[in-house]
Amino acid sequence: MTRTATTDRVRELLEDESSRTYAQEAGIRLKDTPQPLYQLLVLAHLLSARIRAATAVAAAEALFEAGMRTPRRMREASWQQRVDALGEGGYRRYDERTATQLGEEAELVLEKYDGDLRRMREAADGDVDAMREALQEMPGIGPAGADIFLREAQGIWPELAPYLDERVLEGARRTGLPTDPDALARLVPREDLPVVAAALVRASGGRGSGTTS
């Protein structure tokens, strides 16, 4: 693919009406404040299961609409309330286990970071691997969930960029774009990387981590 064709393809990804981050799909107005960062963590958790992206997004929206928008509100909700919200979003296959994990996850965020994931970032002191490890300490968050969180957060945490994991690079390969993270990142402004990354995940045939969308 020529440079002009490559640039045009990236522009198409950015201008496509369906090209949104997963956070945007879930109604999360992502910024560097505690509540949206926690909501992104919940979304990454849900997306990392082997379940359709649309279902994970709907489940996140149902949890937030039920008032579980902060770790404190998530912890205070009963297990059954979490199960019910997940079920309302269609997240039934993993609802009981996930309801337990979300409660434990909220407890850890409150105890270790005082409810503010910016403290996790501060503790990592700009080390992306340290943040990835810290995320995987959360109940229910594995490598896939950590990748999803960091991929979406790179638009507001500059030290993460470019965070273009294997799922993104597979999408790049399928669409004829560069599969070198630095070369791919040079094609777009840093703030647009999360949108391009999400679009390429969809192009790879995956959702947040690894199943069909």
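Modeller: Happy to! Helices are DSSP runs of H or I with at least four residues, strands are runs of E with at least two, and both are numbered from the N terminus. This is a predicted model, where local features need pLDDT of at least 70 and side-chain atom pairs count only at pLDDT 80 or more, while totals for chains, interfaces and linings use all residues. Residues are numbered from 1 along each chain as its sequence is written, and side-chain values use heavy atoms, leaving out hydrogens and water.

Colleague: What follows α4?

Modeller: Gly67, with a positive phi near 100°.

Colleague: How many helices and strands does the protein have?

Modeller: There are 13 helices and 0 strands.

Colleague: What span is expected of a helix?

Modeller: Take 1.5 Å times one less than its number of residues. Helix α4, residues 53–65, has 13 residues and reaches 18 Å from first C-alpha to last, close to the expected 18 Å.

Colleague: Which residues of α4 are buried?

Modeller: Buried means under 20% relative accessible area, exposed over 50%, and partly exposed in between, with a 1.4 Å probe and protein chains only. In α4, the buried residues include Ala53, Val57, Ala60 and Phe64. An α-helix has 3.6 residues a turn, so residues three or four places apart point the same way.

Colleague: What covers the buried residues of α4?

Modeller: The cover includes α2 (22–25), α3 (34–47), α5 (71–76), α6 (79–88) and α7 (95–113), with contact meaning heavy atoms within 4.5 Å. Across the protein, 50% of the 213 residues count as buried.
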